[in-house]
Amino acid sequence: MRRDAQEVALPASAKTRALLAYLAVTGKEHRRDALCSLFWNVPDDPKGALRWSLSKLRQAVDEPDTQHLVADRETVRLEMTGSNCDFARIEEAAASDDIGTLETAASIRGEFAPGLNLRGCEEFESWLLATREDVRQRQLQVWRKLIGLLEGEPERALPFARSVVEADPLGEDGWVTLVTLLSASGRGDEAEAQRGVAIRTLEAAGIGAEMALARPVKPTPAAATPSVPHEQGKPVIRQRVEFCTAPDGTGLAYSCVGNGPPLVKTANWLNHLEFEWESPIWSHWIEALSRDHRLVRYDERGNGLSDWKVADLSFEAFVQDLETVVDAAGVDQFDLLGISQGCAVSIAYAVRHPERVRSMILYGGYSQGWKSRNDPEELARREAMVTLTGVGWGQGNPAFRQMFTTLYFPEATDEQAQWFNELQRISASPEGAQRLQRALGVIDVRHLLRKVKVPTLILHSRNDSVVPFEAGRILARFIEGARFVPLDSSNHLVLAQEPAWPEMIAHIREFLANPHA
């Protein structure tokens, strides 16, 4: 609720806020006894509880010269004259063909009345669920109308197609529309990537993809190929995505970009080669690391452009995937970069193949997964997150995924947070995300740390909420001769706007130039 563009503080009581939503959306007069039955069907004093809630609402909604909450001994209503309601705007737009009206409503996103579930109030809960679905369907109607009215303007229609897919990820028509618009906009690489996401999302739900999704997208002309941001005067860097097959038959997507000595980045928790390409989270990493090197990246099994439906999500499989990718990419000796759980995979590979690893960089990593760190508080939090992933991961509303975003990137901008929310949705299925979290939780390579014989640089954010700072110090303590660099950051991955970014990349470049110094 806002007044003169300023947010108005609402009562803390969930029932009082639910009452306000109910009065605003229904838009009619209600009998007091009906409201008591709806919200306070208890033996105590429901009429007194209603009076208390109405007094709190008056303080919030009434103005000195305007009474919005109108109540007498028998009835209650909310006078909306002179006010705007998002619900009414969506309802009006869904029945309109005016582009201006539709575009105004199209910006209203998210679930209706989030967080207002009232346990024990079955009648209200039934109304709330029905209203939420009604709002979702009308939002979809608004976005679909706009897409139809903007025929011939694919760039303008694209945001609405993305909204349709986000709100209805199991709707085949939405995916077909998104892929078609991306292709028409000259974004062939992204169209092909989203086509793959669509097929995996639908297959995970037991839905067969339409024929329109079965055909690969024609490549984007070279002039429209996306490029990593680069400094003026430097050549445009282009990415090429290829595929290889692990020993167990799992298809793995990898890319090579840039020129120079090979630098292999081990996969980490949630990657998507195409979606990361120009992202506000990863693009500065890709540009910096590929400037003087041939950067090899790949999507871990179970996510991104690699196969989602895999039987084996073990640590041994992760290590074999790294072995498969470096062989497919044709690199013999190389520098190895591990990020997060990619550090443990890198350590195992370096111990098995010391002759191939020239040096190793470990950022934000650990030797023990969250199940092995003997931290009861972290264990309880992580178990809860794994459970909730099965319920909230694939929903159109990003509220659940925002929990991960806040944990991983507490200092992210709105653009960065929205991108990471979307990365989670398109990079893995709910079941896959659960399985990956469990697999990462049981990682334990403590017995390998003293066996590492390659030059190693270790970096870790001091206030990382995902992997404790102490985990990085343990790596440095037991890997012989390792250099340790603490970074002043609270983010799991250092962002471009942070002072820690130029400091970190300078350490990496210095180390790669002379790892034996």
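This is a predicted model: local features need pLDDT of at least 70, side-chain atom pairs count only at pLDDT 80 or more; totals for chains, interfaces and linings use all residues.
How do we find empty space in a protein anyway? Rolling a probe the size of a water molecule over the atoms shows where it is left.

So what is the lining of this pocket made of? Sorted by type, its residues come to 21 nonpolar, seven polar and 11 charged. At least two lining residues come from each of β1 (2-3), α1 (14-26), α4 (86-94) and α6 (122-149). Which element gives the most? That would be α1, with five residues.

## The chain as a whole

Now zoom out. The chain has 517 residues, and 54% of them count as buried.

Strands of a sheet pair through backbone hydrogen bonds, either parallel or antiparallel. In this model, eight strands make an open sheet with mixed pairing, and the order is β6-β7-β9-β8-β10-β11-β12-β13. At the edges sit β6 (240-245) and β13 (483-487), each of which pairs on one side only. On average, neighbouring strands here are turned by 20 degrees against each other, if you ignore direction.

Let's pick out one pair. Strands β10 (residues 334-339) and β11 (residues 357-363) run parallel and are joined by six bridges. If you want a spot to look for, find Ile339, which stands opposite Tyr363 in β11.

## Helices on the sheet

Helix α18 (residues 469-478) packs on this sheet, where it touches β11, β12 (456-461) and β13. The directions of α18 and β12 make an angle of about 165 degrees.

Helix α19 (residues 500-513) lies across β8 (262-265), β10, β11, β12 and β13. It runs at about 165 degrees to β11.

## A closer look at Asp168

Asp168 is found in the loop between α7 (154-167) and α8 (172-184). Is this residue buried or exposed? Its relative accessible area is 19%, so Asp168 counts as buried, because the cut-off for that is under 20%.

Who are its partners? Leaving out residues up to four places away in sequence, Asp168 touches Arg136, Leu140 and Arg144.

How values were computed
Residues are numbered from 1 along each chain as its sequence is written. Side-chain values use heavy atoms; hydrogens and water are left out. Helices (H or I, at least four residues) and strands (E, at least two) are DSSP runs, numbered from the N terminus. Ala, Val, Leu, Ile, Met, Phe, Trp, Tyr, Cys and Pro count as nonpolar, Asp, Glu, Lys and Arg as charged, and the others, Gly among them, as polar. Two strands pair if DSSP finds at least two bridges between them. Axes are lines fitted to C-alpha atoms, for helices over the stretch in contact, and angles run from 0 to 180 degrees between N-to-C directions. Contact means heavy atoms within 4.5 Å. Buried means under 20% relative accessible area, exposed over 50%, partly exposed in between (1.4 Å probe, protein chains only).
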